[in-house]
2 protein chains.
Amino acid sequence: MFENKERTSIDQLGEFGLIKHLISAITLETDNTHLGAGDDAAVIKSNGQDVFVSTDTLVENVHFDMMYTPLKHLGFKTVVANISDICAMNVIPGQLTLSLAFSSKYTLEAIEEFYAGVLLACKRYKIDLVGGDICTIPTGLVITGTAMGWGDAEKAVKRSGASAGDLLCVTGDLGGAYMGLQLLEREKRVFLENKEMKPDLGSHDYIVGRQLRPEARIDVIRQLAELNVVPTSMMDISDGLSSEIFHLSEASKVDFSVFEEKLPIDQDTFNMAVEFGIDPTTAALNGGEDYELLFTVSQADYEKIKNHPDITVIGHAKESGMKNELVSKQGNNYALQAQGWQHKGNSDA
Amino acid sequence: MFENKERTSIDQLGEFGLIKHLISAITLETDNTHLGAGDDAAVIKSNGQDVFVSTDTLVENVHFDMMYTPLKHLGFKTVVANISDICAMNVIPGQLTLSLAFSSKYTLEAIEEFYAGVLLACKRYKIDLVGGDICTIPTGLVITGTAMGWGDAEKAVKRSGASAGDLLCVTGDLGGAYMGLQLLEREKRVFLENKEMKPDLGSHDYIVGRQLRPEARIDVIRQLAELNVVPTSMMDISDGLSSEIFHLSEASKVDFSVFEEKLPIDQDTFNMAVEFGIDPTTAALNGGEDYELLFTVSQADYEKIKNHPDITVIGHAKESGMKNELVSKQGNNYALQAQGWQHKGNSDA
């Protein structure tokens with residue numbers, strides 16, 4: 001009855017392009033919105049503490065595959081994916097709302113399993129699940145969470161604060177979630193070809209865990225506060241290091257040099273990459289879903305972080321226009337690609 | 001590979017039962033969560049103003065039908081459905097996050113239309129769209145919003161505050177959105193049978209508008225404050241008057257008497273109900289999506305509200321155990337049914 005005549009496919013813009021396009025039309029209506037859409041979280045000023053808020057959606061067969069994703073882990077990961085965006089503002093998350101839209105293939109026991117994982121993560125990270133919604137859809141599972149945290153709006157660590165000379169740091173190690181996904185996908189193919197075969201995840205608990213049940217780095221946010229280090233810019237690594245570096249670069253109007261030899265890669269990730277014929281550096285640069293933090297600190301803070309076991313300096317910021325680049329182990333410079341992490345059926349596909 | 005052995009269909013609990021069941025497992029982890037899941041909105045205490053937060057999900061073919069829903073109206077209605085829950089706490093909403101999961105049938109122009117409606121509502125109600133997420137799904141459109149508002153946690157008007165003797169009030173009129181839906185569904189059937197037929201919505205702008213582009217009653221929240229009236233309990237009418245009365249009744253541990261002759265029904269709603277062979281009272285009691293407010297006030301406040309053109313006293317609260325009942329125009333008492341509003345394919349189906 002009502003039809004839309006023009007037809008531009010979303011492909012032409014991609015997810016980031018579409019979001020940027022839509023955000024450009026927003027004008028702020030209230031006095032207390034301090035930072036609107038476009039960073040990891042929005043910031044709303046109060047006359048006391050300010051609230052940081054962020055929304056994240058996970059979709060079956062785009063962000064997860066029920067063939068190998070235990071629902072309890074999925075519940076846990078949902079919380080992690082959401083609160084990680086609050087951590088990325090250098091703020092401790094406190095509350096979460098959760099909306100679940102699921103098809104009739106999900107039984108009560110399945111939904112209970114999912115919520116058991118959600119509540120386990122809430123206990124682990126001291127988060128209150130304060131609300132949500134539940135409804136049915138024709139097919140699949142769509143999960144939307146909105147996380148909140150409390151802090152000082154003026155101290156929010158945005159994507160835009162890096163200056164030339166700042167050190168580029170990551171927490172933990174990279175590429176593990178991606179290699180875990182490759183392994184799970186391989187075992188799924190084997191299983192689909194022969195349903196008598198049991199999946200063989202071998203001794204790869206680490207990378208499988210990185211994919212199915214990642215951790216949010218609230219611990220690092222607390223430790224940075226204890227070390228009296230305020231990052232100049234920060235975001236979490238959900239789409240892949242390379243992609244996130246381009247986000248920091250664009251927001252801060254600086255470029256970055258990253259040193260291949262500094263990239264933190266776990267031995268299990270490295271071995272599995274070799275087994276799959278993937279360059280471990282590529283897995284670290286482009287694999288997503290590690291939920292580690294990427295941030296910059298001023299050089300003056302180097303002494304405070306250099307001995308932190310979970311923080312690695314991987315490069316530095318430089319004047320804009322020099323291009324984001326990877327310095328290889330051989331000392332050659334390569335232009336970084338912003339390709340990031342392509343979900344199985346994401347909006348660019 | 002991983003399978004869930006037990007299989008209890010969600011039907012056995014229904015949406016409200018499932019939510020109640022899942023909420024029962026929650027224990028609060030932070031000190032500042034003042035009111036968790038279970039009311040229209042959660043309340044989180046700050047050391048200044050407190051934040052009220054609520055999440056709502058709309059699903060294609062469950063909550064709306066793209067055959068007759070212009071995307072701009074859908075965007076507007078999405079904002080209304082979300083902020084209405086904040087109004088229902090007697091608080092002015094201020095911010096919104098929005099997550100959109102859509103299939104490839106939605107073009108850029110379609111998404112832009114939707115956002116144009118969202119931003120129109122944001123301007124009208126002075127709401128900031130502060131964040132969100134966008135991703136693709138295999139089929140349909142799933143929209144999740146999270147609305148926030150600021151107020152004093154101690155002054156939150158919950159569902160649980162009604163006492164025997166309080167007056168039961170509604171804003172606006174009831175059943176219009178439901179009759180608008182019946183009309184749109186009829187014209188859809190006509191159109192599907194003969195695609196040459198133009199939909200004939202006649203002069204029924206009012207009820208069609210009630211369905212496709214409802215309003216949030218922020219105006220009444222402001223007016224109640226001006227009148228110095230603080231309701232003793234409140235919620236919004238999204239599932240239908242009867243269903244919401246049972247929610248207030250259960251939370252407040254009182255029962256209600258509702259007078260049929262007092263139910264505010266617009267002439268267009270009345271006429272269309274008669275045309276469809278539906279009792280207009282049934283449309284008012286069980287039709288959903290009017291997004292009006294249902295609240296109780298103490299009798300002492302009657303003088304302040306009695307001349308308000310948009311507030312109607314429809315009944316009163318009484319001691320629990322006397323049952324929620326409708327007093328008919330003929331003076332007979334009927335037990336109210338909590339059936340509420342069944343979305344076309346909702347989780348009870």
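**View 1. Chain A as a whole.** With 349 residues, a compact globule would have a radius of gyration near 20 Å, and chain A agrees, at 20 Å (taken over C-alpha atoms; the globule rule is 2.2 Å times the number of residues to the power 0.38). Please keep in mind that this is a predicted model, in which local features need pLDDT of at least 70 and side-chain atom pairs count only at pLDDT 80 or more, while totals for chains, interfaces and linings use all residues. Residues are numbered from 1 along each chain as its sequence is written, and chains are lettered from A in the order in which they are written. The C-alpha trace of chain A spans about 55 × 55 × 50 Å along its principal axes. Its secondary structure comes to ten helices and 13 strands (DSSP runs numbered from the N terminus: helices are H or I, at least four residues; strands are E, at least two).

**View 2. The side of chain A that touches chain B.** Here 81 residues of chain A are in contact with 81 residues of chain B (C-beta atoms, placed from the backbone, within 7 Å). Among the elements giving two or more residues to this side are α1 (14–23), β3 (50–59) and α3 (108–125) of chain A. The largest share, nine residues, comes from β5(A).

**View 3. The axis between the copies.** A rotation of 180° with 0.0 Å of shift along its axis superposes chain A on chain B, with an RMSD of 0.0 Å (least squares on the C-alpha atoms of residues with pLDDT of at least 70 in both). That is the relation of a two-fold axis. In chain A, Gly48(A) has the C-alpha nearest the axis, 1.8 Å from it. Both copies use the same surface: 100% of the contact residues of chain A recur in chain B.

**View 4. Helix α4(A) and its neighbours.** The 18 residues of α4(A) reach 26 Å from first C-alpha to last, close to the 26 Å expected at 1.5 Å a residue (1.5 Å times one less than the number of residues). Its buried residues include Tyr178(A), Met179(A), Leu183(A) and Glu187(A) (buried: 20 or more other C-beta atoms, placed from the backbone, within 10 Å of the residue's own). The buried residues of α4(A) pack against α5 (205–212), α8 (267–275) and α9 (280–286) of chain A.

**View 5. Ile83(A) in the nonpolar core.** Ile83(A) is one of the residues that touch the most other members of the largest nonpolar core, which has 212 residues (buried Ala, Val, Leu, Ile, Met, Phe, Trp, Tyr and Cys joined through C-beta atoms within 7 Å). Not counting residues up to four places away in sequence, Ile83(A) touches Pro93(A), Leu96(A), Tyr125(A), Ile127(A), Ala147(A) and Ala216(A).

Technical notes:
Contact = placed C-beta atoms within 7 Å. Buried ≥ 20, exposed ≤ 12 C-beta atoms within 10 Å, placed from the backbone.
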